[in-house]
Amino acid sequence: MILYILKRILLTIPMIFFLILITWAIAQLMPGDPSSFFPVTTNPERIALFREKWHLDDPWYVQLKVYFGNLLQGDMGQSATVAPDWPVVDYLAIVFPRTLEIAIIPIIIIPIFGIRTGIMTVKHRNKWQDILVRGVAVLGMALPSFFLGLLLQFIFGYYITDITGGRFDLPVSGFKTAGFPDPEAVTNFRLLDSIIANDLNLFLDTAQHLVLPVTCQIIISFATITRQTRSSMLDVMQQDYIRTARAKGCPEKLVYDKHALKNALIPTLTVIIAGAFTLLAGTTIIEITFDIRGLGQALVKAIMFNDYWLIVGIVQVTGLIVIVGNLVADIVYTIVDPRIVYN
Amino acid sequence: MNSNILETENNISSTVSSPLKGKSLSETIKNVGRFLFAKNYFKPNQTSLTLLKTPNSKESFKHYLRFLSHPIEKPPQFSEMEEKFHKEKSKRSLFKKMLTPLTIFGICILVFISFLAVFAPWLAPYSYVDVSLNRHTGSFLPPSPEHLLGTTALGRDILSRLIYGSRESLTTGLGAIFIGYSFGILFGIISAYFGGWVDTLIMRFFDLIMSFPGLILAMTFIAVLGRSMENILLAFGILTIPWVARLMRSSVLQAKNNLYIKAARTSGAKDFKIMFKHIFPNAISPMIVSMSFMMGGAILGIASLTFIGLGEQDIVEWGFDVNIGSSKLYTAPWAVLWPGLIIALTTLGFTLVGDGLRDALDPRNNA
């Protein structure tokens, strides 16, 4: 098994190479070359320097070589329009923690919550609990995340503030109250930085801003895991060993939690891990709805304002997340289900 | 011939009417034999068989209708004919199983949305030109008799925009599904039929696409191709291909091992003919179920992209309306509420119908 895990880790290296190659090739399909994405007012000397740096007048294989050479030195190019003259790496280092902050809490909460409710629906099959949870899950699948986000914003920013006379006032957009200072950037995570800076107000302010996006994220993503748990639990509950467990006098709670859940969890695990990593890479809509300057919003801005290297950089980071996600899923599979034989 | 039949009928009726008591042993055995070979027993009674005949004559449709209208309970003597009607019966039970309240609700939603799309010019209080061009009547007007659901930022009637927007959503969704299904089915069949390195190449590439978050990939497509509605359609069509191909592949792998495929190959059919004349019709049915889900997903994704602002500015589309309305969320909530609700309603309809179809076709629920 350890040999397999090592092999699997080594296999990611060509995959990452392939990913970079593909993103580079897709970027070549964009109309114009990287230098044509600068605003019209840019100094021509700067563009000439840029062309020289990326060897844009040379054939494509020279360009690719130069690109790889720069990438290995940690240079993913410079942003042209979104954050002029910023290195893309630095920009991503500021932007990515924002996304991670709103993604990490749902990633932890959703599996726990989703599996528990999934088991509950099976326990009370076709009763009102089952119907309620299934209804909420279908709604979570059908509601557009931006609409849910706007609804939450309206309810918490308008009605609840109104009813409580302004005493309960949850911030509905942005990641900080206007006028609040930024903590000293150590890790770029606002929550961690405010702990390091020992500033309670800053910490509470940041945490309050995270409440609504996280709630929205949980409602949207909760559906998939609950439905998967429910269907695989229903499969398992018809097996013979469940009847045996009941016949030998096992308490009903243990039948569900020990005998059924362990076997039902294997297909659910794929959904959980894949869901966690897609959530990490795909919070775009929620970031835009709640105006959080994360990875997704940066991508949208980059597309809007034609920022060549930023688009390439963000897609590469997303791809990296996906590859790591697949790696983790495969490794967890070998640990959870030893029956799988690998050659 | 006719007289012969009449004779046997008389014989049988006499045996049925009189009990076996008081007859010789040989006669009793004969009568029991007649009872065992029930086919002879029923042959003369043509009127009872018209219902059971396989519909292959001109009247086949009438027969079928009669069968559908017939109650499900069956007399015991028909049990040996049961296999003949397995197909019709399974169709009927599928129809019955699908009719759960939730599925009916979903079908109603879809019919309602399609109705809006088809009869838009008659239903909408304002014409398409009025709601797509800039006719300024006052931005974000509250609901009033002139504008039943209020107006948008540019003073366009929201109700009319909802009704005309159903055309854009449904056609874009259908277009994406059409592209995705036609290419997905093609790749699925090729991949499963040839196997080997072709299969590995196609499926590994599709795995790569599938592991990416769909929206990010669609946005990358838009970045490469340019911002327009056609490109959004194309992006979602391309994103649908891998899912369809994987589904089709597993379906074809099952159909491939049937005996008639071997027969076709033995009689000298070409690969192309086997793929599209023999395998394709037998592997297509699982795709229809997934179509409903895919359509809902495509409509949701297209609305998301237009909400972000990657669509066109001068089209009538629900997601774009939500985007415009969200700037004045607190003063004019109606400009966000109705377009958002109708997107949710459409997706809900497709999800419910997909759920109902899947549950009805799931062999686990047959017991």
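How many residue pairs are in polar contact across the interface of chain B and chain A? The rule finds two, both at pLDDT 80 or more, where a polar contact is a pair of N or O atoms within 3.5 Å, one of which, within protein, must be able to donate a hydrogen and the other to accept it, residues adjacent in sequence counting only if both atoms are side-chain atoms.

Before selecting anything further, note that this is a predicted model, in which local features need pLDDT of at least 70 and side-chain atom pairs count only at pLDDT 80 or more, while totals for chains, interfaces and linings use all residues. Residues are numbered from 1 along each chain as its sequence is written, chains are lettered from A and ligands numbered from 1 in the order in which they are written, and side-chain values use heavy atoms, with hydrogens and water left out.

**Stop 1: the interface of chain B and chain A**

Select the residues in contact (heavy atoms within 4.5 Å), which are 37 from chain B and 41 from chain A. The size of an interface is often given as the accessible area lost when the parts come together. Here chain B and chain A bury about 3400 Å² between them, with 79% of it on carbon and sulfur atoms; buried area is the accessible area (1.4 Å probe) that two parts lose on being put together, summed over both.

Next, display A:R227 and B:D355, which form a salt bridge whose closest N and O atoms are 2.9 Å apart; a salt bridge is a side-chain nitrogen of Lys or Arg within 4 Å of a carboxyl oxygen of Asp or Glu. The count between the two chains is one such bridge.

Now colour the helices of chain B that supply at least two residues each to the side touching chain A, namely α11 (196-211), α12 (214-225), α16 (285-308) and α18 (334-361); helices are DSSP runs (H or I, at least four residues) and strands are DSSP runs too (E, at least two), numbered from the N terminus. Of these, α18(B) gives the most, with 12 residues. By class, this side of chain B has 25 nonpolar, eight polar and four charged residues, with Ala, Val, Leu, Ile, Met, Phe, Trp, Tyr, Cys and Pro counted as nonpolar, Asp, Glu, Lys and Arg as charged, and the others, Gly among them, as polar.

**Stop 2: the two domains of chain A**

Together the two domains bury about 1700 Å², of which 78% is on carbon and sulfur atoms. A:R8, A:L19 and A:F37 supply 28% of the area that domain 1 buries against domain 2, more than any other three residues.

Which side chains meet in a salt bridge with a distance of 2.5 Å, N to O? They are those of A:D330 and A:R8, and the count between the two domains is one salt bridge. A:R8 counts as buried at 9% relative accessibility, whereas A:D330 is partly exposed, at 26%; buried means under 20% relative accessible area, exposed over 50%, and partly exposed in between (1.4 Å probe, protein chains only).

**Stop 3: further side chains in chain A**

Move to A:D85 and A:R46, a salt bridge with its closest N and O atoms 2.9 Å apart. A:D85 lies in the loop between α3 and α4 (88-123) and A:R46 in helix α2 (residues 44-53), so the pair ties together parts that are 39 residues apart in sequence. Both are partly exposed, A:D85 at 42% relative accessibility and A:R46 at 31%.

In helix α4, select A:E101 and A:R98, which lie three residues apart, about one turn of the helix. Their side chains meet in a salt bridge (3.8 Å, N to O), and both residues are buried.

Finish at A:T283, in the loop between α10 (252-281) and α11 (284-289) of chain A, where a relative accessibility of 3% makes the residue count as buried. The side chain of A:T283 is joined to that of A:E287 by a polar contact of 2.7 Å. Leaving aside neighbours within four places in sequence, A:T283 is in contact with A:T99, A:I102, A:A103 and A:Q217.
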